[in-house]
Amino acid sequence: MMRVAIALVVIVLTLSQSAFIVREGEQALVFQLGKHERTIKTPGLAFKIPFIQNVRLFSTKVLGTEARSSDEYMTLDKKRLIVDTVGRWIISDPLLFYQSVRDQVGAAARLNDIVFARLRQEIGNNNFREFIREKREPIMREVTKGAAEQAKRFGITVLDVRIKRVDLPEEVQNSVFARMKAERERIAKRYRAEGDQQARAVRADANKQREIMLAEAYKQSQMLRGLGDAEAASIYGEAYGKDKEFFSFTRHLEVYKRVLNTDTSLIMQPNSDLLKYLEAPNPANRSR
């Protein structure tokens with residue numbers, strides 16, 4: 001009975017050491033005494049010789065690598081840049097991959113070096129403005145193409161390399177911001193000067209129009225006053241010609257209205273012409 005139990009334990013242990021599972025999204029390398037025996041790329045249950053063969057699993061999914069953010073590049077016009085990139089790649093040849101870079105950490109280091117060299121070459125052939133504006137996409141296509149060619153020797157297929165961030169070194173940023181600030185201040189001063197000049201022109205024109213309007217108004221008022229005075233003189237002349245006594249009477253009434261309503265004391269001679277209508281309003285009773 002003991003022997004049967006021992007035999008069962010040995011069988012279970014042997015089966016556990018000989019069977020392994022390749023999951024979806026994985027591929028396996030089987031080595032026998034350190035020598036490659038076979039490659040398994042189909043998911044499922046597989047077997048190996050226990051204690052003699054060992055298995056290394058690798059991903060078949062799309063993997064990502066981010067470049068170091070401290071890497072600096074120099075453009076053709078001597079502008080320094082800090083460029084962060086991200087790459088997408090797959091393990092196309094697991095045996096070559098294992099023999100050259102061992103694992104994903106080693107692969108990321110190699111890919112970063114490749115991308116850095118290719119990107120430095122492409123950026124160095126273009127000016128700062130060209131790289132930032134119209135040539136970014138063509139440059140990254142060339143970097144992807146070059147990196148893919150070099151990564152083949154590591155069993156890696158590079159799918160894409162993209163720019164994640166482009167920035168200037170901190171000391172360069174300060175000088176650039178200072179130049180931008182000075183340029184904006186210069187533009188603002190120019191706009192203020194132009195605005196002040198236009199304001200002075202508008203005020204001068206407004207003052208001119210004001211003087212013209214005042215002169216025209218004064219001219220018209222003088223003309224109307226002259227016409228009024230002429231018409232009044234004409235009316236007075238007509239009234240005087242029709243009834244001299246009535247004209248004299250109305251003129252005296254106007255004087256009485258202005259003088260006698262005040263608190264002013266008047267001292268006049270008894271025979272003053274001003275008093276003749278106060279003494280005898282009726283002309284028949286007034287002495288000639």
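The structure is a predicted model, in which local features need pLDDT of at least 70, side-chain atom pairs count only at pLDDT 80 or more, and totals for chains, interfaces and linings use all residues. Residues are numbered from 1 along each chain as its sequence is written, and side-chain values use heavy atoms, with hydrogens and water left out. Helices (H or I, at least four residues) and strands (E, at least two) are DSSP runs, numbered from the N terminus.

**Largest pocket**

- A pocket is an open set of points on a 1 Å grid over the protein atoms alone, with protein on both sides within 12 Å along at least five of seven lines; a cavity is a set of points where a 1.4 Å probe fits but cannot get out.
- Lining residues have an atom within 4 Å of a point.
- Grid points are joined across faces, edges and corners, and a volume is the space filled by probe spheres set on the points.
- The largest pocket holds about 380 Å³ of space.
- Its lining is made up of Lys 79, Phe 128, Arg 129, Ile 132, Arg 133, Leu 168, Val 172, Ser 175, Val 176, Arg 179, Met 180 and Glu 183.
- Helix H4 (128-132) and helix H6 (170-242) are the elements that give two or more residues to this lining, and H6 provides the largest share, 6 residues.
- By class, the lining of the largest pocket has 6 nonpolar, 1 polar and 5 charged residues; Ala, Val, Leu, Ile, Met, Phe, Trp, Tyr, Cys and Pro count as nonpolar, Asp, Glu, Lys and Arg as charged, and the others, Gly among them, as polar.

**Largest cavity**

- The count comes to 1 cavity of 30 Å³ or more.
- The largest cavity has a volume of about 90 Å³, and of the 14 residues that line it, Thr 65, Gly 87, Leu 111, Val 115 and Val 161 are the closest to its centre.
- At least two lining residues each come from strand E6 (63-66), strand E8 (80-91), H3 and strand E9 (156-167), with E8 giving the largest share, 5 residues.
- The lining of the largest cavity divides into 7 nonpolar, 4 polar and 3 charged residues.

**Helix H3**

- Helix H3 (residues 104-124) has 21 residues and spans 29 Å from its first C-alpha to its last, close to the 30 Å expected at 1.5 Å a residue, the expected span being 1.5 Å times one less than the number of residues.
- The buried residues of H3 (buried means under 20% relative accessible area, with a 1.4 Å probe and protein chains only) include Leu 111, Asn 112, Val 115, Arg 118 and Glu 122.

**Three-stranded sheet**

- An open sheet is formed by 3 strands in the order E3-E2-E5, with antiparallel pairing; two strands pair if DSSP finds at least two bridges between them.
- Strand E3 (35-40) and strand E5 (53-59) are the edge strands, each pairing on one side only.
- Strand E2 (residues 26-32) pairs with E5 over 7 bridges, and the bridge partner of Ala 28 in E5 is Leu 57.
- E2 and E3 are joined by 5 bridges, and Gln 32 has Lys 35 of E3 as its bridge partner.
- E2 and E3 form a hairpin with 2 residues between them, and Leu 33 in the turn has a positive phi of about 55°.

**Loop residue Lys 152**

- Lys 152 is found in the loop between helix H5 (136-151) and E9.
- Lys 152 counts as exposed because its relative accessibility is 59%, and exposed means over 50%.
- The C-alpha atoms of Lys 152 and Phe 97 are separated by 9.3 Å, although the two are 55 residues apart along the chain.
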